[in-house]
Amino acid sequence: MEVRDNQAEELVRNNIILASVEKVLNYARAHSFWPVTFGLACCAIEMMAAGGPRYDISRFGYEVFRPSPRQADLMIVAGTITKKMAPLVQRIYDQMAEPKYVIAMGSCAISGGPFVDSYNVVPGADTFLPVDVYIPGCPPRPEALIYGLLQLRQKVINPKVVRMRKHG
Ligand code: SF4
């Protein structure tokens with residue numbers, strides 16, 4: 001069958017997508033985060049609820065919580081970070097594979113929350129980690145976590161969005 005020039009152009013336009021490998025990889029990453037399994041305080045209960053059947057985080061492809069940081073690319077800091085715990089959180093982050101992302105879930109992870117004046121609480125995960133998304137609340141509900149994950153998805157698909165860092 002003879003294909004005319006304009007038909008060929010239309011075929012190409014409708015059937016070929018040009019993109020960089022990085023763009024394709026980011027699209028895949030953004031639809032399949034592997035969060036590291038750990039929680040620090042009450043906010044972690046809401047994170048666990050998000051993984052249950054009622055909120056069903058697997059609808060979005062984010063249900064593969066990994067017990068090893070080496071298999072994870074997302075850290076959800078859910079709860080109060082004590083000064084004693086902070087070096088361990090940092091170590092878990094350091095062991096995660098690149099590229100990796102951080103969500104600060106709840107007021108404690110954002111700023112120390114109700115314990116901001118405590119002698120033993122770190123005033124926010126972003127004092128030592130590069131936080132990508134902040135989810136306010138005490139605690140945020142599972143829907144808020146899902147919304148935060150979808151915001152992270154947009155950020156990973158469009159890396160031109162500037163990474164917000166308070167320090168470093
Ligand atoms: S933000 Fe509130 S619910 Fe979350 S860990 Fe802190 S005190 Fe608990």
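The buried residues of helix α3 are covered by elements that include β1, β2 and α6, where covering rests on contact, meaning heavy atoms within 4.5 Å. Helices (H or I, at least four residues) and strands (E, at least two) are DSSP runs numbered from the N terminus. The structure is a predicted model, in which local features need pLDDT of at least 70 and side-chain atom pairs count only at pLDDT 80 or more, while totals for chains, interfaces and linings use all residues. Residues are numbered from 1 along each chain as its sequence is written, and side-chain values use heavy atoms, with hydrogens and water left out.

Within α3, the buried positions are Cys 43, Ala 44, Glu 46, Met 47 and Ala 50; buried denotes under 20% relative accessible area, exposed over 50%, and partly exposed the range in between (1.4 Å probe, protein chains only). Viewed down the axis of α3, these buried residues fall within an arc of 155 degrees, so they line one face of the helix. The arc is that of the directions from the helix axis to the C-beta atoms. Ile 45 and Met 48, on the other side of α3, are exposed.

The largest nonpolar core comprises 22 residues; such a core is a set of buried Ala, Val, Leu, Ile, Met, Phe, Trp, Tyr and Cys residues joined through side-chain atoms within 4.5 Å. Those with the most contacts inside this core are Phe 33, Leu 74, Ile 76, Ile 103, Leu 145, Leu 149 and Leu 152. At least two core residues are supplied by each of α3 (43-51), β1 (74-78), β2 (101-105), β3 (133-135) and α6 (142-157). Helix α6 gives the most, with five residues. Apart from this core lies another, of 18 residues, among them Phe 38, Met 75, Val 89 and Ala 104.

Leu 149 lies in helix α6 and is buried, with a relative accessible area of 1%. Its contacts, leaving aside neighbours within four places in sequence, are Phe 33, Ile 57, Tyr 62, Leu 74 and Ile 103. The C-alpha atoms of Leu 149 and Tyr 134, 15 residues apart along the chain, are separated by 10 Å.
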